[in-house]
Amino acid sequence: LTTTTPYGLPAIWLRINCQCPLCRDAGTGERLVPIGDLPQDISVSACTRSGDRYEIVFGPDGHQAVFDARWLGQYAAGGDQPASADDGRTEDSKRLWSGADIAAAFPQGSWPLFLADTEHRQACLTAVLRDGFVVLRDVPAEPGTVLSVARHFGLVRETEPGRVVDLEVREGTANHAFTGHPMRPRTSQAYRDPLPTVQFVHCLEQSDRGGESIVIDGFHAAAALRSGQPEAFAMLSGTEVTFAIVTVMSELRATRPVIGAGPGGRIREVRVDSSCMQPLRMSAADVISFYEAYRAFSQEILRPSAAATFRLRPGDCLVLDNSRVLLGRTGAERPRHMQLAWADLDGLASTLAMLRRSRRNGHPRS
Ligand SMILES: [Zn+2]
């Protein structure tokens, strides 16, 4: 004999999510009982509804639970919301753009207003999650300020050159990043696992000529590849490749697909940096297919309509989603001095959640 459970939720689901003080810490909400401590033959021996509460008795141990009916209802078995549908990281919660789209609704904000006004701060954080970047104006063009900006967005990440990285056009250097050469659009730090997912580029000095920033929506390009050449998309999302960098200070490597896709093939990350992609280990036929797919993706990325180009001026700080947006620049002249820092999208989402919480609790100002 099987007792009917609310919304068809299985006995094990109900017991794991029991809200009683033995099962769940009332203060922190932490679960206190590991699965190994629960009876394997768990069942529901009685279930009664009174008002908007469900009272449940579990077998074989007689443990009792009380659930709010509406709370249970949102987890109704067979509901239309898969667990991963809206964690804010896949294409489903983004606004994908071409160069013209984003130029017409350019995501920008004011740093002084960001500091003073919670609503503006929320709008800037949201822009990074939805559009993939925001340009903050009037950030003091003082060295080190980029760290302060990064801390207001999330949790600062350490990278192999440090927390703040200077990117300058210099005379007589062999390091590609420090010459004035154009830089092809790419994602940064593809050789890190986990990837630093938010990049900050703060302009301290910039010549009036050249050195324009180029941004491309990698999710838009990947979605175009999926609709135009699905077999190429399947190859790039189903093949792990190694990205690596070896310097005097470190050996960093990450083995991940070029297009990271979640359940149902929803795009959630792109890693595009040919300069650190390592030799493939696969059959000759797969190698040929892989590079055909990679070339097709590259053509989507380099479509002239894909890119938006703009010039950062001293005091501007570009904040971008490094799991999605490719960044490059046109040929640059001296003086050009940028400072970079990194953080992560989960910290950014947490900052946003805390702002919403404080506004709900009646503290409209930061
Ligand atoms: Zn319990």
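Which spacing do the donors of the zinc ion follow along the chain? They follow C-x1-C-x2-C-x39-H, in a predicted model whose local features need pLDDT of at least 70, whose side-chain atom pairs count only at pLDDT 80 or more, and whose totals for chains, interfaces and linings use all residues. Residues are numbered from 1 along each chain as its sequence is written, and side-chain values use heavy atoms, with hydrogens and water left out.

View 1. Cys-18 (SG), Cys-20 (SG), Cys-23 (SG) and His-63 (NE2) coordinate the zinc ion at 2.1 to 2.3 Å, donors being N, O and S atoms within 2.8 Å of the metal (3.2 Å for Na, K and Ca), and because water is not among the atoms, sites may look incomplete. The four donor atoms subtend angles of 102 to 115 degrees, so the arrangement is tetrahedral, a term for four donors with all angles between 85 and 135 degrees.

**View 2. Helices H5 and H10.** H5 (residues 118–131) and H10 (residues 345–360) pack at an angle of about 150 degrees, with their axes 10 Å apart; helices are DSSP runs of H or I with at least four residues, numbered from the N terminus, and axes are lines fitted to C-alpha atoms over the stretch in contact, with angles running from 0 to 180 degrees between N-to-C directions. Residues of H5, including Leu-125 and Leu-129, meet residues of H10, among them Leu-348 and Leu-352, where contact means heavy atoms within 4.5 Å.

**View 3. Helices H7 and H9.** H7 (residues 218–228) packs against H9 (residues 284–301) at about 125 degrees, with axes 9 Å apart. Gly-218, Ala-221, Ala-222, Ala-224 and Leu-225 of H7 meet Ala-296, Phe-297, Glu-300 and Ile-301 of H9.

Key:
Helices (H or I, at least four residues) and strands (E, at least two) are DSSP runs, numbered from the N terminus. Four donors count as tetrahedral if all angles lie between 85 and 135 degrees; four count as square planar and six as octahedral if opposite donors are over 155 degrees apart and all others between 65 and 115; anything else is irregular.
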